[in-house]
Amino acid sequence: MSAPDGYTFDALKLILLIFLTYVLSFIYLGIYWNNHHHLLQAVNKVNEKILWANLNLLVWLSLFPFETDWMGKNQFEENPTAI
């Protein structure tokens with residue numbers, strides 16, 4: 001998320017939708033992080049399959065900033081929202 005070009009509060013209004021999608025993304029990732037933390041505390045032994053499954057989850061979660069940026073810049077149009 002980039003800072004606005006202006007220095008007034010009106011400049012912040014221009015990126016309000018992008019900021020709100022960032023907050024939504026942060027909440028969503030926080031939920032995943034919390035659930036993931038609790039899940040791994042319940043595991044007695046970590047093996048290669050769990051590590052690969054964890055990596056798979058992390059690669060998809062790493063796309064959230066891109067996706068929410070795309071959604072915010074396009075005012076929740078159909079395709080960015082569907083992704």
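Predicted model: local features only at pLDDT ≥ 70, side-chain atom pairs only at ≥ 80, totals over all residues.
## Helix 2 and its packing

Helix 2 spans residues 16-41, 26 residues in all. From first C-alpha to last it reaches 37 Å, close to the 38 Å expected at 1.5 Å a residue.

The buried residues of this helix are I18, T21, S25 and H36. They pack against helix 3 (48-61) and helix 4 (64-73). T21 has 1% relative accessibility and therefore counts as buried, the cut-off being under 20%. Leaving aside residues up to four places away in sequence, T21 touches T68, M71, G72 and F76.

## Nonpolar surface patch

L16, F19, L20, Y22 and F26 make a nonpolar surface patch of about 520 Å². One of these residues, L16, lies in helix 2 and is partly exposed at 46% relative accessibility.

## Aromatic pairs

The structure holds three aromatic pairs. One of them, Y28 with Y32, is edge-to-face, at 5.2 Å centre to centre and 65° between the planes. Y28 and Y32 are four residues apart in helix 2, so about one helical turn separates them. Y28 is partly exposed, with a relative accessible area of 37%, and Y32 is partly exposed at 32%.

The rings of F66 and W70 have centres 6.1 Å apart and planes at 25°, so this pair is stacked. F66 and W70 are also separated by about one helical turn, being four residues apart in helix 4. F66 is exposed, with a relative accessible area of 54%, whereas W70 is partly exposed at 33%.

Y28, Y32 and F64 form one aromatic cluster.

How values were computed. Residues numbered from 1 in each chain as written. Heavy atoms only, no water. Helix = DSSP H or I, 4+ residues; strand = E, 2+ residues; numbered from the N terminus. Expected span 1.5 Å × (residues − 1). Buried < 20%, exposed > 50% of the residue type's maximum accessible area, 1.4 Å probe, protein only. Contact = heavy atoms within 4.5 Å. Patch = residues over 30% accessible without salt bridge, like charges linked within 9 Å, V, L, I, M, F, W, Y side chains within 5 Å. Areas by Shrake-Rupley, 256 points an atom, 1.4 Å probe, with all protein chains shown as cover. Salt bridge = Lys/Arg side-chain N within 4 Å of Asp/Glu carboxyl O. Phe/Tyr/Trp six-rings, centres within 6.5 Å; stacked < 30°, edge-to-face > 60°.
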